[in-house]
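Open the model in your viewer and keep the selection panel at hand. This tour goes from one stop to the next, with a selection for each.

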Amino acid sequence: MRKLTTQQLHQVGISEIVGQSVPHESAAKQVAGAALFVDDQNLPAGCLHAAVITSQIAKGCVSEQQLDSLNDNPDVVAVIRCDDIPGHQDIGPIFPGDPLLSEQEIRYHQQPIALVLCHNHQRAWQVAAQASQDVVQYQSQVEPILNAEQASQTGNPEPFVRPSHRMGTAVSQATLKQSDILLSADQHIGGQEHFYLEGQVSLAMPSEDGILLYTSSQHPSEVQKLIAEVLNIAFHRVTVDMRRMGGGFGGKETQAAQWACLASLAAWQTGKPVKIRLPRSVDMAVTGKRHPFYNRYQLGVSRDGVIESAKLEVNGLCGHSPDLSDAIVDRAMFHSDNAYSLSQAEVVGNRLKTDTVSHTAFRGFGGPQGMMLIEQAMQDIAIATGQDPLDVRYKNLYHAGNATTHYGMPVEQHQDMCNLLKQLEQNADYRKRRQQINQWNHSNPTIKKGLALSPVKFGISFTAKHLNQAGALINVYTDGSVQLNHGGTEMGQGLHTKVQQIVAQTLGIPFDYVLIKSTRTDKVPNTSPTAASSGSDLNGMAAHLAAADIKQRLLDFAQSHYQVSEEQIQFENGQVTLGENTISWGELVQQAYMHRVPLSATGFYKTPKIWYNREQAEGRPFYYFSLGAACSEVSIDTLTGEMSLDRVDILHDVGASLNPAIDIGQIEGAFIQGVGWLTTEELVWNEQGRLLSQSPANYKIPTIGDYPKQMNISLFDQMNPEHSIYRSKAVGEPPFMLAISAWCAIYDAVASISQHQLAPQLDAPATGERILMACQRQFDFLEAQDA
């Protein structure tokens with residue numbers, strides 16, 4: 001079996017528990033099949049199964065329906081429609097536009113119209129599928145709007161808000177033409193299916209207090225709020241429990257809410273437990289994806305390849321409703337510079353309405369789509385100036401005297417970015433391999449190789465300031481065991497493990513003394529989504545502050561009880577040193593309890609320094625930047641378009657790693673997911689707005705065969721200069737954009753056909769077909785030159 005990765009775990013960091021490669025807290029349970037997901041819950045007595053009746057058109061209305069006839073079916077317990085909703089009918093997370101059920105207007109193919117309840121899961125979906133065809137009649141309107149060209153011509157009617165936004169200073173054509181070289185290009189970037197292992201699922205149980213809901217959601221507090229509003233009850237009557245997800249990637253930040261609300265509505269109406277689990281094909285059709293983008297740039301560039309002025313435009317295809325598109329396109333704009341100074345820059349972002357499912361959060365949250373534009377520009381500049389693309393990148397990096405973004409935030413670690421690039425250049429032996437690849441391409445007319453080394457600078461914080469807060473609850477029991485709840489959700493990324501390590505280290509006790517419990521809205525209220533790579537930063541610090549509060553109470557008690565100074569007290573590995581005496585952690589806790597010392601505490605943290613004035617498009621929206629770089633080498637077959645990823649070298653900055661093994665796993669997984677987005681994962685809708693790529697049979701995520709033949713991952717040994725939890729840095733999203741180096745390497749390989757005279761036209765994903773067409777344009781160019 002292919003070796004997956006060469007890992008270098010050496011890290012500058014914190015001793016003891018934090019900084020160690022502690023196994024994932026659920027790893028053993030998951031291997032043994034003992035880790036429970038929502039679908040593993042024992043069903044309560046009388047539990048009903050729900051399925052949605054969905055539309056068979058993408059744009060139009062319901063002309064006629066006989067939903068009442070379903071009540072004659074002996075398998076059907078109830079049918080729930082929009083009119084049965086006692087409270088809010090729209091569950092849009094920020095702006096309106098997302099009806100829970102739609103019995104009239106149809107905005108996208110397979111939009112939910114009604115809910116069918118049966119005693120059996122399979123039978124419920126059979127009835128719903130048949131009803132979608134036979135019980136509901138539709139009236140189609142004009143052909144649906146599906147692409148950027150169509151959407152830009154129709155404008156952005158309601159419910160879209162603030163469709164266009166601008167950052168930086170206006171750049172005129174006259175300004176651009178002052179430079180030696182004027183470059184322009186456009187690019188189409190496809191979306192991406194989340195393809196989480198665990199699909200959308202919820203189990204709602206009515207109780208004397210209201211509703212208890214088990215759900216697979218990254219945002220339990222928002223689910224609680226929306227259920228309460230749909231049922232027209234107070235928030236405190238809804239409890240949401242989320243122990244673990246089988247993957248989320250942003251697809252369960254807002255889009256898990258609809259199924260939670262439907263299950264809760266059905267449970268409220270029938271007085272019985274209700275479970276809904278979407279089949280994979282339905283899940284893929286009715287939930288949003290990564291936003292496809294259409295981008296373009298105009299650059300004024302000096303003769304030696306330095307950007308002197310820039311006019312960038314990013315256009316996000318949002319789907320039928322706003323969802324989170326406002327912030328997603330903003331983040332694409334924030335990251336359209338990546339690690340480079342754009343000098344005088346104007347960045348415009350547009351949100352385009354299309355007649356598809358509403359696109360949503362996905363790892364990187366618009367940042368990858370913004371970075372793709374400037375990274376293509378680096379490759380284009382290299383061809384226009386006859387330079388190595390890495391040298392062009394070096395020349396355009398932020399540097400002393402020119403280290404402020406187009407939205408006014410200083411890039412304080414600009415020298416670290418340069419140092420990281422140079423270290424990876426050396427580690428990957430870039431210059432020697434460039435020479436070898438040039439020689440190979442000169443001698444091999446069919447198989448061409450490409451090489452690219454590209455950086456990542458990704459801002460860490462929610463751009464909505466109020467979301468940058470977190471809470472935690474810690475209970476210490478009289479045997480010394482510790483129970484921990486915090487507001488973050490575990491989706492396989494190791495968040496719970498890291499927070500458990502933080503609490504154990506703060507208290508000076510072994511890792512297994514701490515038990516982490518479900519994320520529950522009745523334990524930690526008003527939580528933010530686990531998103532924006534902020535899970536460990538926010539929840540780790542909140543848990544640390546709660547643990548530090550309890551520890552200080554124990555210190556105060558020990559000083560008074562044992563008549564020792566604070567300096568004489570040490571907490572380490574479950575033992576407490578009190579001057580010349582040592583007792584166990586459990587003994588100290590027992591004594592504190594007997595002396596009425598409180599052994600429970602909450603912690604709260606809010607990110608400092610951040611602010612942003614959207615009207616002025618200026619501020620510091622990010623607490624800090626995560627940095628990284630990847631060097632990718634590819635081979636392409638110019639006769640078939642087939643591509644192989646031959647070698648990848650990654651150097652990534654996670655600050656002082658909380659858990660190197662988990663961090664390297666995140667880097668590795670993010671890179672491969674990014675490669676899927678940029679090379680094989682293609683979303684296809686037909687002209688009627690129906691999603692055709694709705695199953696693993698016709699949507700290709702990366703497999704082991706797509707894994708690099710050689711993969712080297714190292715961590716950049718440097719603590720976070722900002723006061724984050726134990727000086728660590730976020731790791732969830734930034735490594736995803738390292739995969740842009742693979743796309744750039746494909747671009748480089750294609751360009752080698754014309755000896756880097758013609759800039760390739762290569763949209764993403766760079767599938768075999770697109771690579772083949774890009775190669776053919778290179779050959780056509782050579783023929784035209786020879787003619």
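**Stop 1: the second largest pocket.** About 630 Å³ of space lies in this pocket. The model is a predicted one, so keep that in mind on the way. Select Leu-146, Asn-147, Pro-292, Leu-317 and Leu-683: of the 27 lining residues, these lie nearest the centre of the pocket. Now show the elements α3 (148–154), β9 (181–189) and β14 (293–301). Each of them supplies at least two residues of the lining. Colour the lining by class, and you get 13 nonpolar, nine polar and five charged residues.

**Stop 2: the largest cavity.** The largest has a volume of about 230 Å³. Which helix gives the most to the lining of the largest cavity? It is α6, with three residues. By class, the lining of the largest cavity has nine nonpolar, eight polar and three charged residues.

**Stop 3: the second largest cavity.** The volume here is about 80 Å³. Select the lining: Ile-460, Ser-461, Asn-468, Ser-534, Asp-537, Leu-538, Met-541, Tyr-605, Thr-607, Tyr-623, Ser-724 and Ile-725. Show helix α14 (residues 535–562) as well; the largest share of this lining, three residues, comes from α14. The classes are six nonpolar, five polar and one charged.

**Stop 4: two positive phi angles.** Select Gln-110, in the loop between β5 (105–106) and β6 (112–118). Gln-110 is not a glycine, yet its phi is positive, about 70°. Is Gln-110 buried or exposed? Gln-110 is buried, because its relative accessible area is 17% and the cut-off for buried is under 20%.

Now go to Asn-526, in the loop between β21 (519–520) and α14. Asn-526 also has a positive phi, about 55°, and is not a glycine. Asn-526 is exposed, with a relative accessible area of 63%.

**Stop 5: a cis peptide bond.** Finish at Ala-764 and Pro-765. The peptide bond from Ala-764 to Pro-765 is cis, and its omega is near 5°. Show the helices on either side: Pro-765 sits in the loop between α17 (740–751) and α18 (768–786).

Key. Residues numbered from 1 in each chain as written. Predicted model: local features only at pLDDT ≥ 70, side-chain atom pairs only at ≥ 80, totals over all residues. Heavy atoms only, no water. 1 Å grid on protein atoms, 1.4 Å probe; cavity = no way out; pocket = protein on both sides within 12 Å on 5 of 7 lines; lining within 4 Å. Points joined across faces, edges and corners; volume = space filled by probe spheres on them. Helix = DSSP H or I, 4+ residues; strand = E, 2+ residues; numbered from the N terminus. Nonpolar A, V, L, I, M, F, W, Y, C, P; charged D, E, K, R; others polar. Buried < 20%, exposed > 50% of the residue type's maximum accessible area, 1.4 Å probe, protein only.
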